[in-house]
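Good morning, and thank you for joining this group meeting. Today I would like to present one model, with attention to its salt bridges and one of its pockets.

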Amino acid sequence: MTGADPSSPLPQAPLLEFDQLLLQLVDRAQELMGTQSRLRGLLAANTAIIGNLALPVVLRRIVEVACDLVNARYGALGVLAPVGGLEEFIHVGMDDDAVERIGHLPAGKGLLGALIDDPQPIRLRNIGDDARSVGFPANHPPMASFLGVPIRVRDEVFGNLYLSESASGRFSEDDERVVIALAATAGVVIENARLFEQSKRRQDWLQASMQIQQRLMAPGGEDPLKLIARQARLLAEADLVSVVLPAVDPEVLHVAVASGDHSAEIVGYTYPREDSMVGLALQTGQPVMLGDAAAEDRHVVHLSRVIEVGPTMVVPLIGAEGTRGALTVARQRGRRRFDDADLDMALAFANHAAVALELADARHDQERVLLLEDRDRIARDLHDHVIQRLFAAGMTLQGAAGLREAERTARIDRVVTDIDDVIAQIRTSIFGLRGSVAQRPNAPRARLLEVVGEARRVLGFEPRVRFGGPVDTMVGPDLADDLVAVAREALSNAARHAQATTVELSVTVAADALSLEVVDDGVGLGEITRRSGLDNMRVRAEQYGGTLEVGPAPTEHTTPNREGTHLRWTIPL
C-alpha cells in the first residue's frame, strides 16, 4: 500500500457537523437571551403593576404593561359583572376619536363571551377564522391576531385580559405563558387594591357615622335626616338617596327627606307600604340589595318615579323601640352594582345613624323637661315675688286714700318704686323663659343665669335676679368673663358663709357704668380670715379702672340679729 498523499483535501463531513452544532449553540444562546429578556420584562411588568393601590389605576396599568410585554398594539381588560357580561371595559391603543366613532363598548359577546363562559386562554392567528367571532362594529380598526387570558382573584374570575395585533403577526406560546404569569400577579394586585379600597371606604363610612353623632348632639345642628341622606349619597357614590318613614297611617309610607338627582320631586311622596321594597325591609328588619331595580316585578321601588333606578340598597333604621324607617340608596341604571361590602358598610352606617337619632330624641326630650322645669320655677317666682308684691301695692294704695297729702304722696312713691321692681322682676323672668330655648348661649345674661342655677343647688333656694339696661350689647367677651367670675365668687361666698335665706343678684348697665350687686340677709361679713376671693374680685375691677365695695346690706334686707352683706362691683364704660 502506498501512503496517503499529504496534499489531498481534508474530509468535509466533520466540519459541517461542527458548523451545525455551532449554529445550534448560537440559536440556543439567542433563545436563552430572549427568555432572559422576557423574564426581565415580566419582572419589570410585575413591579410596574404592584406600585399602586388605586384600583382604576391598577387596571389600566395592567393592560399597558401587558401590551408592552408582548408587543401588542391593542389591549383591554374586561371586568365581569355579577350577572354575566362585562361591567367595565378598560382599553388602550385607540384614541378618543376612534372610540367615539365605534360607539358602545363591548358587552361580552363573541370571543369575549367565549372567554367569559370558559375561562381558559385563547390564542388565535386570525380572529376572523374562529367560528366564535361575531365580527367588529362599524368604524372599528382591523384586528387579526388575538390572545385572551382570564384574571383570577383567589377562586373567582375577576375579568379577562385581551390583547390584539402582535407586532410579529401572531402571538407565540411564550407570549401566552408570559401573559398568564402576568395575569396571576395581576390577580394578587387587584385583590390587594380591592381590600385597600374597601378598608378606605369603611373608614370613610365610620368617620361619617361619628360626624353624624357629633352634629346631631350639637345644639342647632342640621336636620338629622337630611344629614344622614346627604352623607350616605356621598359615601355610596349614589345618584339618589331617601329616608322613608311610616306616615300617620302605618300602612302608608312617606319620603321624609332626599338627597341627589330630582330629590325635590320625591320629598313628601306617599305610597302604600304593601308590595314595596321599603315595606319589605321594615317588615323583616333586614337589608335588601338589588342589582337592577327596573327588573324587580314583585316590589315597588319608589325612587323609580323620578329616575331610572338600577343598583339599589334598602337598609332599615332600627332603633330601641323598633324600626324607625329605611334608608334607600340608588344608582341609575347602567352604573356599577353594589356589592356585599357596600351593603355591610351601609348597614353599619344606618345602625350608627339610628343610634344617633335615638340620642338626639333623648336630648330633645331632656331639653323639653328642663324647659318645663324652668317654666315651673318662673311661675313660682312670679307667684312668690311678683303677685304678692302687686297685691301688697294695691292694699297700700287703698290704705292711702284716707291719709293726708304728704303721707299719701310718700306712700304712693314707695308703691311706684315697688312696681318698678316688680316690672324688672317680670322682665328677668321673661328673659329666663326665652333663655331656656337658647338663642345666644354665650351671651352675658345666659351665662349669669347658668351661674345662678349652679348656686341654687348649693343655697337650697332660688336667688332673685334682676337685669337692667343693654347687658348683652354693652358687655364685651373679656368683660363678660370677669363679670361671670365675680358673680360666681359672690354667690359662692353667700352659700358657704352667709347662712342666708334670701340672695338677690342684680346687673345694671347705664350710660357710663356696669354694676353688679349681690345682697343677702345673712350673718354679715364678720371677721374675714381669708381674703383671696375678695382680692380677686377687687383686682378684676381695678384692671378696668373700677371698684369693689363690700358692706352691710340695706335695712330692708336685715333683721335685728342679721346685718346681711352688700357687695357692689362697678366698672366704668
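Asp482 has a relative accessible area of 8%, and because buried means under 20%, Asp482 counts as buried. Please keep in mind that this is a predicted model. Asp482 forms a salt bridge with Arg540, and their closest N and O atoms are 2.5 Å apart. Asp482 belongs to helix H13 and Arg540 to helix H14, so that the pair links distant parts of the chain, 58 residues apart. Arg540, at 29% relative accessibility, is partly exposed.

A further network is formed by Glu173, Asp174 and Arg177, joined by salt bridges that share partners. How many salt bridges are there in total? The count comes to 18.

Let us consider another pair. Asp239 and Arg335 form a salt bridge, with 3.3 Å between the closest N and O atoms. Asp239 lies in the loop between H6 and strand S6, and Arg335 in the loop between strand S11 and H9, so this pair ties together parts 96 residues apart in sequence. Asp239 is buried at 14% relative accessibility, whereas Arg335 is partly exposed at 33%.

I turn now to the second largest pocket. This pocket holds about 980 Å³ of space and is lined by 37 residues. Glu87, Glu197, Arg336, Arg337 and Asp339 lie nearest its centre. Which element gives the most to the lining? H5 does, with 7 residues. The lining divides into 18 nonpolar, 2 polar and 17 charged residues.

Notes
Residues numbered from 1 in each chain as written. Predicted model: local features only at pLDDT ≥ 70, side-chain atom pairs only at ≥ 80, totals over all residues. Heavy atoms only, no water. 1 Å grid on protein atoms, 1.4 Å probe; cavity = no way out; pocket = protein on both sides within 12 Å on 5 of 7 lines; lining within 4 Å. Points joined across faces, edges and corners; volume = space filled by probe spheres on them. Helix = DSSP H or I, 4+ residues; strand = E, 2+ residues; numbered from the N terminus. Nonpolar A, V, L, I, M, F, W, Y, C, P; charged D, E, K, R; others polar. Salt bridge = Lys/Arg side-chain N within 4 Å of Asp/Glu carboxyl O. Buried < 20%, exposed > 50% of the residue type's maximum accessible area, 1.4 Å probe, protein only.
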